[in-house]
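I opened this entry to go through the sheets and helices of one model. My notes follow in the order in which I looked things up.

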Amino acid sequence: MCGIIGCTGRDDAVDVVLHGLATLEYRGYDSAGLALVSGPQAAPELRVVKRAGKLASLQQAVEGQALPGRSGIGHTRWATHGAPTDRNAHPHVSGDGRLAVVHNGIIENHEALRSELVAAGVELASETDTELVAHLVAAERDALAGDGQAATTGSALAEALRRTVRRLEGQYALAVLDVHEPETIVAARYGAPLILGHDDDVSWLASDIAGLIAHTRDVEVLLDRQLAVLTPGGIAVTDLDGEPTEGLRYKVDWDVDAAEKQGYPHFMLKEIYEQPQALTDTLLGRLGEDGLLSLDEQRLAEGELRRIDKVYVVACGTSYHAGMVGRYAIEHWARLGVEVEIASEFRYRDPILNPHTLVVAISQSGETTDTIAAAAHARDQRAPVLAITNVVGSTLARQSDGVLYTRAGPEIGVAATKTFLTQVVATAVLALFLAQERRTLLPEEIGDAFARLEALGPLLEQVLAHDDRIAELAHHLSGADYFMFIARHAGLPIALEGALKLKEISYLHAEGFPAGEMKHGPIALIDDGGPVIAVATRSHVRAKLLSNLAEVRARGAVVVALATEGDPEIHAAADHVIGLPDVHELLAPILAVVPLQLLAYHVAVALGRDVDQPRNLAKTVTVE
Ligand code: AGP
């Protein structure tokens with residue numbers, strides 16, 4: 001939520017900040033802004049340009065302006081405190097107009113800080129919590145100058161920020177630029193992501209790797225309660241006492257193409273088409289030559305997983321649906337009871353957890369506040385936490401006892417597609433891994449199931465070949481104002497995911513239901529011509545589902561069925577059939593989700609929606 005970019009040491013700072021904002025816009029698009037230290041060395045000045053609306057408004061505002069400068073910070077906002085207006089857009093500036101701050105997160109004690117500043121005579125220019133930070137840092141910087149105190153790291157700005165963040169409650173990723181130290185950017189983090197980029201004679205920071213990858217692959221994840229001082233000569237990281245320390249430094253292994261559209265009209269479509277490769281990458285090297293499965297990171301004690309007697313899966317949104325799919329595999333293969341919980345609910349419950357409860361936290365970004373808090377809630381009760389995430393070094397990955405990376409590459413479209421599919425694949429791998437640890441499957445059964453997973457790559461290509469047909473169907477159905485998605489068993493999470501995908505990018509009302517529940521209420525919604533999308537692939541409950549389809553059809557629904565190719569009965573039960581390759585029923589969801597992603601995509605395009613940046617949403621939800 002919100003994207004931050006910063007760079008010092010480039011003569012074209014304004015251009016690189018704008019470019020960085022373009023790569024981060026998917027994190028929030030209510031407003032955008034930048035600040036630069038401009039002007040002659042002898043008399044530098046702070047230049048700030050910010051606009052409500054998408055980045056295009058800022059680009060327009062900047063066009064034609066001479067904005068020289070070697071250091072700059074930028075921000076793309078998902079509004080929390082204060083409406084998405086020019087005034088509330090970041091950067092926010094101190095009263096003397098010489099210091100600018102960009103922020104991702106929420107300062108929870110903002111009311112108290114606001115009252116204090118107002119009482120001290122500070123005039124506030126916005127309704128945001130961030131502006132308070134600008135005034136506080138400037139006041140600390142002035143106090144340090146007044147006291148004639150030498151700053152611990154040589155940067156008074158760093159010491160001023162250190163003093164300020166000690167007073168903040170809540171979450172923050174902050175970057176501060178000050179005319180007094182024209183080539184320095186100071187940054188701090190607690191609970192919101194911030195990545196530093198090392199480069200020759202230039203230093204970078206961004207909310208995520210997509211903002212840096214065009215410039216450097218040498219990155220360092222700034223950790224909670226750390227502060228970084230960026231100058232063209234390098235980056236110094238300290239703790240809040242000013243003691244030198246380090247973040248998590250590593251080389252990024254994907255390149256800039258992965259974060260570009262490469263000829264596709266939208267990132268979402270590109271990412272849907274990347275799924276066969278993403279699946280292959282997620283499985284690569286998991287099964288060792290000894291026939292044993294392993295996790296990417298494993299900090300659990302020997303035998304700990306063998307003693308697990310219960311699993312909770314915690315996640316939000318699409319990742320929650322992936323967890324729901326995973327439940328079927330874990331129960332079936334590893335013979336463990338599984339509860340799947342919405343993280344924002346789980347974190348405030350009092351679940352029965354102990355060292356024998358495995359908590360699986362699923363998050364594409366690894367930065368979703370509620371999922372991180374749910375995992376922490378589990379750890380507080382000594383339950384081991386295993387993360388399934390796409391982001392190496394993310395908060396969730398670092399705070400877990402074991403990690404399975406989904407290796408889907410960067411996902412820029414706000415609607416999760418390839419990361420969902422790879423999360424489901426990862427839950428299947430986890431189910432097999434737990435089966436291996438608990439010896440509920442024979443090694444050859446694990447090998448066989450793993451080979452079936454690997455075989456899905458080419459089958460996904462076959463499913464993608466239905467794209468034109470689905471586009472036609474989407475065009476035909478896009479006039480409907482209400483869609484129902486129904487399914488049973490492992491197909492149910494796919495129905496829920498199909499409905500979520502459609503509503504988030506087309507803004508149409510869509511709901512998913514267990515098909516067996518229809519008679520208990522939802523069937524009242526059916527009227528003539530209303531589309532009902534059914535996940536009806538081969539399974540032990542397919543016959544039951546066919547009866548449910550007959551019931552909705554008899555009441556006028558137009559039924560679109562995803563069915564196993566060659567199913568003779570489905571054509572009598574549905575108006576439109578999309579055939580999918582025949583696979584094990586626990587793996588069928590991995591194929592079935594693709595036509596629903598394409599359907600949502602094409603309906604949204606037909607309605608002229610902003611597919612990659614749907615209204616009111618942001619890619620990474622770092623607030624509650
Ligand atoms: C789905 O398309 C959304 N982007 C959203 O539901 C997302 O899955 C959710 O916010 C969780 O994000 P995470 O996987 O990064 O934790």
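The model is a predicted one. I began with strands β2 (residues 31-38) and β4 (residues 71-77), which pair in the antiparallel sense over seven bridges. For L34 I looked up the bridge partner in β4 and found G74.

I then traced the sheet around this pair. It is open and has eight strands, in the order β3-β2-β4-β1-β10-β9-β11-β14, with antiparallel pairing. The edges are β3 (45-52) and β14 (248-251); each has a single partner strand, so one side of each lacks a neighbour in the sheet. On average, neighbouring strands here are turned by 15 degrees against each other, direction ignored. I also noted helix α2 (residues 55-62), which lies across β2 and β3 and runs at about 135 degrees to β3.

Next I turned to the other sheet on my list. Which order do its six strands take? I read β15-β20-β19-β18-β16-β17, an open sheet with mixed pairing. Its edge strands are β15 (297-298) and β17 (337-342), each with a single partner strand, so one side of each is left without a neighbour in the sheet. Within it, β19 and β20 (residues 402-405) pair in the parallel sense over four bridges. A387 stands opposite V403 in β20. Helix α10 packs on this sheet and touches β16, β18 and β19; its direction makes about 165 degrees with that of β18.

I stayed with α10 (residues 369-380) and checked its length. Twelve residues at 1.5 Å a residue should span 16 Å, and the end C-alpha atoms are 16 Å apart, which agrees. Is α10 largely enclosed or largely open? Nine of its twelve residues are buried, so the helix is largely enclosed by the rest of the structure. The buried ones are T369, D370, T371, I372, A373, A374, A375, H377 and A378. Their cover includes β16 (310-315), β18 (357-363) and β19 (385-389), along with helices α9 (343-346) and α11 (395-398). Just after α10, R382 takes a positive phi of about 65 degrees.

Last, I looked at a helix pair. The axes of α8 (residues 317-334) and α16 (residues 492-506) come within 9 Å and cross at roughly 170 degrees. An angle over 145 degrees counts as roughly antiparallel, and that makes α8 roughly antiparallel to α16. From α8, the contact is made by G317, T318, H321, M324, V325 and Y328; from α16, by P493, I494, L496, E497, L500 and K501. I sorted the residues of this contact into seven nonpolar, three polar and two charged.

Note on methods: Residues are numbered from 1 along each chain as its sequence is written. This is a predicted model: local features need pLDDT of at least 70, side-chain atom pairs count only at pLDDT 80 or more; totals for chains, interfaces and linings use all residues. Side-chain values use heavy atoms; hydrogens and water are left out. Helices (H or I, at least four residues) and strands (E, at least two) are DSSP runs, numbered from the N terminus. The expected span of a helix is 1.5 Å times one less than its number of residues. Buried means under 20% relative accessible area, exposed over 50%, partly exposed in between (1.4 Å probe, protein chains only). Contact means heavy atoms within 4.5 Å. Two strands pair if DSSP finds at least two bridges between them. Axes are lines fitted to C-alpha atoms, for helices over the stretch in contact, and angles run from 0 to 180 degrees between N-to-C directions. Angles under 35 degrees count as roughly parallel, over 145 as roughly antiparallel, 65 to 115 as roughly perpendicular and the rest as oblique. Ala, Val, Leu, Ile, Met, Phe, Trp, Tyr, Cys and Pro count as nonpolar, Asp, Glu, Lys and Arg as charged, and the others, Gly among them, as polar.
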